[in-house]
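Open the model in your viewer and keep the selection tool at hand. The tour goes stop by stop.

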Amino acid sequence: MAIGAFVEGPAGAGYSGRVTSFVVLSCIVAGSGGILFGYDLGISGGVTSMESFLSKFFPDVYHQMKGDKNVSNYCRFDSELLTVFTSSLYVAGLVATLFASSVTRRFGRRASILIGGTVFVVGSVFGGAAVNVYMLLLNRILLGIGLGFTNQSIPLYLSEMAPPQYRGAINNGFELCISIGILIANLINFGVEKIADGWGWRISLSLAAVPAAFLTLGAVFLPETPSFIIQRDGNIDEAKILLQRLRGTTRIQKELDDLVSASNVSRTIQHPLRNIFKRKYRPQLVIALLVPFFNQVTGINVINFYAPVMFRTIGLKESASLMSAVVTRICATVANIVAMVVVDRFGRRKLFLVGGIQMILSQIMVGAVLAAKFKDHGGMEKEYAYLVLIIMCVFVAGFAWSWGPLTYLVPTEICPLEIRSAGQSIVIAVIFLVTFVIGQTFLAMLCHLKFGTFFLFGGWVCVMTLFIYFFLPETKQLPMEQMEQVWRRHWFWKRIVGEEEEEEEREARSIALSTT
């Protein structure tokens, strides 16, 4: 999608408009926040496989890795302190995203992006300057707070700025930025690992400030979304001018009317986090809880931040393990681009299902290879280590064109304006919570379950693929303000939604009778 180009598309539900350069530039700046998350995922896994980093901060792990013959191959990186370092970020992010919901709703999407980017810059300084584990933990906590704000607000921003017919592609840009961030981190880790004096990890941790500074400075110049402008103070004229600029046409009255209607409903809701638990929002709540939960139990973040560690576990050397992580991320980045091209053509469900089947087969194959060729002691033949790498590439590609981008897209587009910020906070909170649990337990699981760990993840992918098949309706190209239609047509959700609507009608009639 070229800057400055005007791309015509089939307008959804009577909406006019096209993807203008103004939309693209705004979404590039906001979407770059995904680089922060991706960079952290890639950097944390890379530095924890570097011998200089481990010997300074985690000497017990370093001695296990160097060849204690009494330690199983599967247990060489099993360390409570190492898992605390890795997963402490996600506890901070979990708490921060709940606060971010109120900030995003009251002060706007841009305000949360600014807060998140600023805190992330500060956290990066502590990482690069760390002299003990406590400074490392402070670094992780500050990064978590920053990510809690940016991950909560950016997918909302992208979905609200995008035309309905291109919402999937533009929102998927966030996942593409995550993938690019991981790739950049892996390349930097691969490069700095060769520094002879062993201080390359400081460069890796410090450079996290670069994308955060770009996001923070760029957010100063970002416009707010039309939805928030109307929700904030009812300034319809300002929203109309912005919407005309975003869509590249003056024929935006239908979309503006829907935004005003949605805002009027939103103003009646005082406590969105409380209201999302009402029966009328049951479909949105279930999707907002289960989609991010399933996203994490695929085992993807194990691959993201433990990939170098895992490749070292199966016998690759330090440099080869870091390069292997680069290779898997290149595959994921290409798959992200494919997802952006096809998501609005083929829809969300098809990508979920195809990606799910691909991941099931990959996890089973990795488990089978490890079961046959990798024992508690002794090495693994290089041919089989590289076979595991190839299968991992297939796995991350399947995730990158399905569950990766769609986890951020689907929950934001199905939630009406009055609960949209709360719904996205739940999504990010679940991601951080489950990532924390997996981060705390994966190395121990690998130690005790060994190759069975991958069969466990494969089983979860089976469950989530069935969930999508039976319970997720298709949402492509439908305006977010008209999304309630999909629940009324769905074989399962229409009963719940219908019962709630009948109850509301009975209450309205009762109130009307009592006033006469």
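**Stop one: a loop residue**

Select Gln 477, which counts as partly exposed at 27% relative accessibility. The model is predicted. Gln 477 sits in the loop between H22 and helix H23 (484–489). Check its backbone: phi of Gln 477 is positive, about 65°, although the residue is not a glycine. Most residues other than glycine have a negative phi.

Go to Lys 450, in the loop between helix H21 (417–449) and H22. Lys 450 is partly exposed, because its relative accessible area of 22% falls between the 20% and 50% cut-offs.

**Stop three: a nonpolar patch**

Now select Leu 449, Leu 456, Trp 460 and Val 463 and show the surface. Together they make a nonpolar surface patch of about 320 Å². Which helix gives the most to the nonpolar patch? Helix H22 (residues 452–471), with three residues. Val 463 has its place in helix H22. Color by accessibility and Val 463 comes out partly exposed, with a relative accessible area of 42%.

**Stop four: two packed helices**

Finish with helix H1 (residues 21–31) and helix H2 (residues 33–47). Their axes are 4 Å apart and the packing angle is about 25°. H1 and H2 are therefore roughly parallel to each other, since the angle is under 35 degrees.

How values were computed: Residues are numbered from 1 along each chain as its sequence is written. This is a predicted model: local features need pLDDT of at least 70, side-chain atom pairs count only at pLDDT 80 or more; totals for chains, interfaces and linings use all residues. Side-chain values use heavy atoms; hydrogens and water are left out. Patches are made of residues with over 30% relative accessible area and no salt bridge: like charges are joined within 9 Å, nonpolar side chains (Val, Leu, Ile, Met, Phe, Trp, Tyr) within 5 Å. Accessible areas come from the Shrake-Rupley method with a 1.4 Å probe; for residues, only the protein chains shown count as cover. A salt bridge is a side-chain nitrogen of Lys or Arg within 4 Å of a carboxyl oxygen of Asp or Glu. Buried means under 20% relative accessible area, exposed over 50%, partly exposed in between (1.4 Å probe, protein chains only). Axes are lines fitted to C-alpha atoms, for helices over the stretch in contact, and angles run from 0 to 180 degrees between N-to-C directions. Angles under 35 degrees count as roughly parallel, over 145 as roughly antiparallel, 65 to 115 as roughly perpendicular and the rest as oblique.
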